[in-house]
Amino acid sequence: MKKHNYSAGPCILPQEVFEKSAQAILNFNDSGLSLLEISHRSKDFVAVMEEARALVLELLDLKGKGYQAIFLGGGASLEFLMVPYNLMKESGKAAYLDTGTWASAAIKEANFFGETIVVASSKEQNYNHIPKGYTIPADADYFHCTSNNTIFGTQMKEFPSTDLPIVCDMSSDIFSRKLDFTKFDIIYAGAQKNMGPAGTTLVVIKEEVLGKTGRAIPSMLDYAKHIKADSMYNTPPVFPVYASLLTLQWLKKLGGIEAIEKINDAKAALLYAEIDRNPLFKGTAAVEDRSNMNATFLLNDESHAAKFDAMWKAAGISGLPGHRSVGGYRASMYNALPLESVQVLVDVMKALESKV
């Protein structure tokens, strides 16, 4: 039976990425060696890293605009630390928007470096919306936000105008929709949502914002050193970078971000229409802030849970339960999830309605 993978991450990837990755593990570039055993300094892998970095800037329309793309280890969680290390001045301060669990974790790390101002938070409403109408202090060193909140199913549809450098954690919606990416000075994203398997993190940096903190930065946490070394300051996560390259190639072949955004809009529209129509279900996020990547919803009557769970599992659906901190259901509709899979879930929801 075909599986319909709604996992929130690590998540579904294109089938051709699995196939090409599997072949590379057995014999990479007809070298007679596995991708897992070649030197990261070899000609074959250096070419992979160079193409991946270049393709990131091409897809985001940042080529030739003063940006660099680097692939690091440590997940997006390490970027919670690296961002203030590289942008917050000694005795400085930073402004953060608190929209969920990961935004809150980023704020916690920034507190180690200086004053952290939370300009707005939706925590008291269980992060069911994106705060609006907040003021960003003009004397902060940067403003940090999280574009999409996987746990609570909210997504920023607009970003504030400010003269400060803007840093955005785009871990769960990068490459999924068109934005003016020149608005951002640093974008970071764990690969395991829309870009590749877990194990590498993409960081896109406008070089002119670096080197202004006055603080000493440990080498492994210094963006400038990683840029200068072309993402090879230390041994990079070879396999995740290669699989990310394959995913980026797949996206380009599909038509890039503009093409995938149309597909993602169709998937989200289909599922949210059923959530709103079906009297057995209700969404948890404010309608205007609903995420196209992670649709969170509940049963109005929990007595139907056992029947619904049995039905979606029988249909080949996987990864639908909500995050353990909120419960309910979460349908993660990342780039590689086909519209067909969303239709299967919608059909199950309709079938439940007819049975109760």
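Predicted model: local features only at pLDDT ≥ 70, side-chain atom pairs only at ≥ 80, totals over all residues.
Two packed helices are described by the angle between their axes and the distance between the axes. Here, α2 (residues 43–59) and α6 (residues 238–254) pack at an angle of about 45 degrees, and their axes are 9 Å apart. The crossing of α2 and α6 is left-handed.

Which residues of α2 and α6 make the contact? From α2 come, among others, Phe45, Val48, Met49 and Leu55, while α6 contributes residues including Val238, Tyr242, Leu245 and Lys252.

Seven strands form an open sheet with mixed pairing, and you can trace them in the order β2-β10-β9-β8-β5-β3-β4. At the edges sit β2 (67–72) and β4 (115–121), each of which pairs on one side only. From one strand to the next, the twist averages 20 degrees.

Take a look at one pair of strands in the sheet. Strands β9 (residues 186–190) and β10 (residues 201–206) run antiparallel and are joined by five bridges. In this pair, Ile186 stands opposite Ile205 of β10.

Finally, find the helices that meet the sheet. Helix α3 (residues 75–87) lies across β2, β3, β8, β9 and β10, and runs at about 160 degrees to β9. Helix α4 (residues 101–110) also packs on the sheet, where it touches β3, β4, β5 and β9; the direction of α4 makes about 165 degrees with that of β3.

Terms used. Residues numbered from 1 in each chain as written. Heavy atoms only, no water. Pairing = 2+ DSSP bridges. Helix = DSSP H or I, 4+ residues; strand = E, 2+ residues; numbered from the N terminus. Axes fitted to C-alpha atoms, helices over the stretch in contact; angles between N-to-C directions. Contact = heavy atoms within 4.5 Å. Left-handed = near helix turned anticlockwise from the far one by under 90°.
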